[in-house]
Amino acid sequence: MRTAFLSDVHANLEALDAVLSHARADRFVVLGDLIGYNADPNAVLGMLGDAGAFLLAGNHDLAATGRFDVGWFNEVAAAAIAWTRAELDRSVAARLTVLEPMAREGDNVFVHGSVRDPAAEYIRTPDLAAASFAAEEFDVGFFGHTHVPMAYVQGNGGVKEMEIFEGDMLVLSEGVRYLLNPGSVGQPRDGDPRSSYLVLEDGTARWHRVPYDVAATQRKILAAGLPPMLAARLEVGR
Ligand code: ZN
């Protein structure tokens, strides 16, 4: 079974299309923030539905459906949520409304932000990862929200942070616990504008980067009247 983990698609249809074709996975799991920032919320939900993807809600999905206080968002993110709310088809909004920011599957856990606070907390340090390891029993946790690919490994010597680059692999061992972030499909923030995701197959996690038509996504953002900085940031991956 080849499972692709995606996160933070953020209504970027060109990026999602590129990742789905590249991954050739048997199954897709998306760790939330399906919409917000970019201009194709309805088409992105349609494409994820066609792929049969398992979906979590992120803070943007929760905000767009009235379940997360937009007061926590910066001005640009809040403007994009207001635009998205007006744009969402009723059937798409209904599908978003039933999604949750956390799910369990056997010994694994899927969250948007952190295990301790699935909707809001960012895991950015070994200490924050340790808090999530302590919050629940699980072997492998998959998380997103930071838009940066990353791995935290908890063995005998505490929690170790591993910066992740294209093609990096991690062979998962028994008795060791992991928190793995695939990075962002639709708005990467690690200085590499290409979409990021990870594939889990035969107990090995592997991260991938995929180029997509950034210019097409930027044109749609500007044509929609979304904040222009949302278009600019895509080409630098910040
Ligand atoms: Zn996000």
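The structure is a predicted model, in which local features need pLDDT of at least 70 and side-chain atom pairs count only at pLDDT 80 or more, whereas totals for chains, interfaces and linings use all residues. Residues are numbered from 1 along each chain as its sequence is written, and side-chain values use heavy atoms, with hydrogens and water left out.

**View 1. The sheet that contains β1 and β2.** Six strands form an open sheet in the order β3-β2-β1-β11-β12-β9, with mixed pairing; helices (H or I, at least four residues) and strands (E, at least two) are DSSP runs numbered from the N terminus, and two strands pair if DSSP finds at least two bridges between them. The edge strands, β3 (54–55) and β9 (169–171), each pair on one side only. Strand β1 (residues 3–6) pairs with strand β2 (residues 27–30) in the parallel sense over four bridges, and within this pairing A4 has F28 of β2 as its bridge partner. Helix α1 (residues 13–23) packs on the sheet, where it touches β1, β2, β11 (195–201) and β12 (204–210), and its direction makes about 30 degrees with that of β11. Contact here means heavy atoms within 4.5 Å, while axes are lines fitted to C-alpha atoms, for helices over the stretch in contact, with angles running from 0 to 180 degrees between N-to-C directions.

View 2. The zinc ion has as protein donors D8 (OD), H10 (NE2), D33 (OD) and H147 (NE2), which lie 2.1 to 2.3 Å from it. Donors are N, O and S atoms within 2.8 Å of the metal (3.2 Å for Na, K and Ca), and since water is not among the atoms, sites may look incomplete. The arrangement is irregular because the four donor atoms subtend angles of 86 to 177 degrees around the zinc ion; four donors count as tetrahedral if all angles lie between 85 and 135 degrees, four count as square planar and six as octahedral if opposite donors are over 155 degrees apart and all others between 65 and 115, and anything else is irregular. The spacing of the donor residues in sequence is D-x1-H-x22-D-x113-H. D8, in the loop between β1 and α1, and D33, in the loop between β2 and α2 (41–50), are 25 residues apart, and this pair links distant parts of the chain. Both D8 and D33 are buried, where buried means under 20% relative accessible area, exposed over 50%, and partly exposed in between (1.4 Å probe, protein chains only).

View 3. Y37 is placed in the loop between β2 and α2, and it counts as buried because its relative accessibility is 7%.

View 4. β4 and strand β5 (residues 108–111) run antiparallel and are joined by four bridges, and R104 has V109 in β5 as its bridge partner. The hairpin of β4 and β5 has two residues between the strands, and G106 in the turn has a positive phi of about 60 degrees.

View 5. Strand β7 (residues 150–155) and β8 run antiparallel, joined by six bridges, and Y152 stands opposite E161 in β8.
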